[in-house]
Amino acid sequence: MIRFFSVVGFLACICAGLLTSPSSAGAGEICELSVKELVGAARVNEPVRMGIPLPKGVVKDVSELSLVDAGGRPIPCQFRAITHWLEDKSLRWVHAVFQTSVPAKGEVKVKLVKGKAASTAGKMKVTAAGNAVTVENGVLKLVVKGPGFNLFDSAWYDPAGKFGAEGQIVKPHGEGIVLTLAGKAYKPSQDSKVSVEEQGGEGAVIKVEGRLASGGDAPFTYVCYLHVFQGSPQVRATFAYTNASGTKPADHVKMEDLSVILPTTLAGSGRVGGEGKVFAGKAAKIAAVSSDRSVISLDGKEAGAAKGKSTKPKTIGWAALGSGKKSLAVGLRWFWQMFPRAVEADAEGRLRAGLFANEAGKPLDVYMGQGRTHYLTFLFGGGADAQLMDF
């Protein structure tokens with residue numbers, strides 16, 4: 001049998017393939033998948049997205065695939081064909097999207113089999129109109145626009161699915177992704193395009209691509225993928241940029257800051273995670289200024305510090321606003337590893353994720369053709385402090 005595993009961590013599932021020696025498998029069984037929780041926080045209906053390689057000649061189409069639990073009961077799962085074997089056009093690699101519950105420090109095993117997939121009771125609704133895409137998953141409603149992309153132009157959280165004024169957390173705004181070069185701000189251009197990359201009963205992927213521009217100057221291109229899951233308050237974002245300017249290898253620009261800024265209707269209640277402790281104030285920030293030092297500030301004053309490389313803490317790298325059912329948190333994967341970084345909840349209700357943070361005071365030389373990918377997770381609603389752990 002071929003076994004693979006997925007690690008459930010800081011608001012995300014990090015998917016890694018582990019290939020062991022083949023052994024006998026039951027009729028119709030293709031492989032076993034193991035989902036492990038390493039941080040110590042119980043996960044309930046945690047979204048999992050992972051890639052699975054398949055042997056040649058086993059499956060021709062994703063409609064032949066099904067996911068079952070240890071007892072053989074079908075699990076709702078969304079499959080997407082990624083690549084095929086050249087020789088017989090059978091599936092070589094697929095993506096699977098499903099949800100599972102894992103005890104703290106526990107493990108759950110599921111099996112990929114040939115058979116009829118479980119029907120989903122999902123409430124995913126994706127609507128493309130004009131230059132915007134609206135996604136509803138039962139508890140979230142998000143509006144993502146192309147021109148002037150600002151991450152979420154509007155966002156609601158409502159477990160009842162009504163999405164009225166009381167549940168609105170983000171209103172139309174002019175912030176979002178902000179790049180600073182030589183004191184000049186660059187934002188997604190008006191010719192940015194939004195599209196639906198993937199859509200199914202268990203999730204949707206929205207893609208936005210364009211340039212980071214200021215007037216007629218647009219040195220960077222970017223692409224952003226937003227992953228939304230059926231019935232989940234989590235949204236995962238992948239943001240990648242490339243320096244498309246210059247004509248020679250030595251040409252470069254000095255990046256002073258690259259941040260995602262999201263204004264919200266939440267103000268006056270900020271929180272960040274320290275090493276095993278939550279720091280709270282009207283405003284809160286944690287900034288990784290080196291690989292082994294992150295400075296924590298409350299209401300503009302230093303309130304503590306956290307290590308990184310020496311202790312590898314699993315509770316830093318996130319910030320949250322609000323409380324109870326009306327809250328929003330953001331977490332950055334590889335927070336101290338990719339210093340300088342920062343996450344911040346300010347007193348005016350803005351949530352900031354500093355992908356390359358100006359708190360370190362030293363710019364980054366980005367040469368022609370260079371780029372970087374960043375991973376963020378947003379959590380709407382209550383329970384942020386308990387779930388925001390290291391990826």
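Rings of Phe, Tyr and Trp (its six-membered ring) count as a pair if their centres lie within 6.5 Å. Keep that in mind for the ring views below, all drawn from a predicted model.

**View 1. Ring pairs join F149, Y222 and F239 into a cluster.** A search through the whole structure turns up six aromatic pairs.

**View 2. F220 and Y241 make a stacked pair.** Their ring centres are 5.3 Å apart and the planes meet at 5 degrees, so this one is stacked.

**View 3. W334 and Y375 meet edge-to-face.** Here the centres sit 5.6 Å apart, with the planes at 90 degrees. W334 comes from the loop between strand 28 (326-332) and strand 29 (341-345), while Y375 is in strand 32 (residues 371-380), so the pair ties together parts 41 residues apart in sequence. W334 is partly exposed at 36%, and so is Y375 at 26%.

**View 4. Five strands build an open antiparallel sheet, in the order 10-11-12-13-14.** Strand 10 (125-129) and strand 14 (168-170) are the edges, each pairing on one side only. From one strand to the next, the twist averages 20 degrees. Strand 11 (residues 132-136) and strand 12 (residues 140-145) share five bridges, and E136 stands opposite K141.

Technical notes:
Residues are numbered from 1 along each chain as its sequence is written. This is a predicted model: local features need pLDDT of at least 70, side-chain atom pairs count only at pLDDT 80 or more; totals for chains, interfaces and linings use all residues. Side-chain values use heavy atoms; hydrogens and water are left out. Two strands pair if DSSP finds at least two bridges between them. Helices (H or I, at least four residues) and strands (E, at least two) are DSSP runs, numbered from the N terminus. Axes are lines fitted to C-alpha atoms, for helices over the stretch in contact, and angles run from 0 to 180 degrees between N-to-C directions. Rings of Phe, Tyr and Trp (its six-membered ring) pair if their centres lie within 6.5 Å; planes under 30 degrees apart count as stacked, over 60 as edge-to-face and the rest as tilted. Buried means under 20% relative accessible area, exposed over 50%, partly exposed in between (1.4 Å probe, protein chains only).
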